[in-house]
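This report is meant for a reader who is meeting the structure for the first time. Please look over the sequence and the model before reading on.

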Amino acid sequence: MEIDNFNDSLNKSINKEKMNIDNEFIHKSKSSLETDASNLENYSTSNSINVENDKTKQKENANKFENSNKLIKNKEIILNESEENKESLTSNSCLQCAEEYINDILKNLIDEEKTIIFDINPNYFYRQNEINQSMRSILIDWIIDVVNNFNYKDETLYNTIYIIDSYLSKKIIERKNFQLLGIASLLISSKFNEIYIRKIEDYSFITNNSYSLDDIKHMEEEIAKTLNFNFLVPSSLSFYEIITKKFGISDDINKYNFGQFLMQTFLMDFHSLYFSYSTIAIASLFIVMKFYKIKDYKLLYDTQFYSIKIKNENSPGNESSIIRECANVICNVINEIINSKLTSTVRKYSNFEFYGFIKNIIEP
């Protein structure tokens, strides 16, 4: 709207300037003709000088008129360029939408997930002697706050959680090194996902200097060897971004962040270990669509949208109703966490409209 008003004002200014120049030229020309006629009747040496002066003025007026026309043309060129730039920006924005490749991207993510779906053992706590599920929740809650304080991307957070769970599935860790594992995993994830990363001193400082720089470096090396440098995987966020785009949810920031809130909060709970990342993403979107009464939610049952993680008798649900079962578990976890001391996601998303609705629903 502001560009259109600017263009109208500029056009009016150009037309007005043209009119003023034309009137001025006509007036000058008429005055010059009258002067010439008078000079012809009363020809003298002095009058001849006046005629020459009038001719000089005429040339000056003609030059002014020519310069003014150039100015007008320049303004018109600038106006046209601004319109072309506006169209260019619009077309460039459209080029950023990879909607024609969504199905291919989703298929590729599913194929990649199938290769890493067993990297995390949902029962690794049975092997750990000094840590438990509650300690994991507290660690991830703290990491979410660190990611927010460092102004890191959400993808960095999801990748960090994968590194932690994958390492714990393969190695037994002492309680004193549990936070060290979290901060070193965040350091590794930030190196892959962030453009500007914090200095390693900041990672030590955020732990209240509980760990030295050498401690963090040594743990980073230990994680790299244990995971064989396989750090990047399709996260819940990767699937969520694609599916919300496919179903038109990404255009509504409130609905989109509602799903983000569900996923991040659920990943703090150990029940999330029993489901694949794609299942968590689809189940979170399932809740969003049901919450806002979007009728297309049944299309999410399509198995091409997610990978099914093999579960044992201790895991909840069954494969035939994996999405609904995961959604039920998410809702139960949200109900518990939102009324607990794990407040990182609550603080992060409490300003959004959906939070007020969901809080009123689940509060006892």
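Which residues of H9 are buried?

The model is predicted, and in it the buried residues of H9 are Ser236, Leu237, Ser238, Phe239, Tyr240, Ile242, Ile243 and Thr244. Because 8 of the 11 residues of this helix, which spans residues 236-246, are buried, H9 is largely enclosed by the rest of the structure. The cover over these buried residues includes helix H3 (102-116), helix H5 (154-168), helix H10 (253-266) and helix H11 (277-291). After H9 comes Gly248, which has a positive phi, near 75°.

## The chain as a whole

The chain holds 14 helices and 0 strands. Among contacts between residues at least 6 apart in sequence, 78% join residues that are at least 24 apart.

Leaving aside residues up to four places away in sequence, Phe261 touches several residues, including Ile334, Ile338, Val346, Tyr349, Phe354 and Ile358.

Helix H10 is mostly covered, with 13 of its 14 residues buried. From its first C-alpha to its last H10 reaches 20 Å, which is close to the 20 Å expected at 1.5 Å a residue. At the start of H10, a side-chain oxygen of Asp252 comes to within 3.0 Å of the backbone nitrogen of Asn254.

## Salt bridges, buried and exposed

The count of salt bridges comes to 9. One of them joins Arg136 and Asp165, whose closest N and O atoms are 2.9 Å apart. This pair links distant parts of the chain, since Arg136 lies in helix H4 (residues 133-149) and Asp165 in helix H5, 29 residues apart. Arg136 has a relative accessibility of 1% and therefore counts as buried, and Asp165, at 2%, likewise counts as buried.

Lys225 and Glu221 also form a salt bridge, at 3.1 Å from N to O; both residues lie in helix H8 (residues 213-226), 4 residues apart, or about one turn of the helix. Lys225 is exposed, with a relative accessible area of 56%, whereas Glu221 counts as partly exposed at 42% relative accessibility.

How values were computed:
Residues are numbered from 1 along each chain as its sequence is written. This is a predicted model: local features need pLDDT of at least 70, side-chain atom pairs count only at pLDDT 80 or more; totals for chains, interfaces and linings use all residues. Side-chain values use heavy atoms; hydrogens and water are left out. Buried means under 20% relative accessible area, exposed over 50%, partly exposed in between (1.4 Å probe, protein chains only). Helices (H or I, at least four residues) and strands (E, at least two) are DSSP runs, numbered from the N terminus. Contact means heavy atoms within 4.5 Å. The expected span of a helix is 1.5 Å times one less than its number of residues. A polar contact is a pair of N or O atoms within 3.5 Å; within protein, one must be able to donate a hydrogen and the other to accept it, and residues adjacent in sequence count only if both atoms are side-chain atoms. A salt bridge is a side-chain nitrogen of Lys or Arg within 4 Å of a carboxyl oxygen of Asp or Glu.
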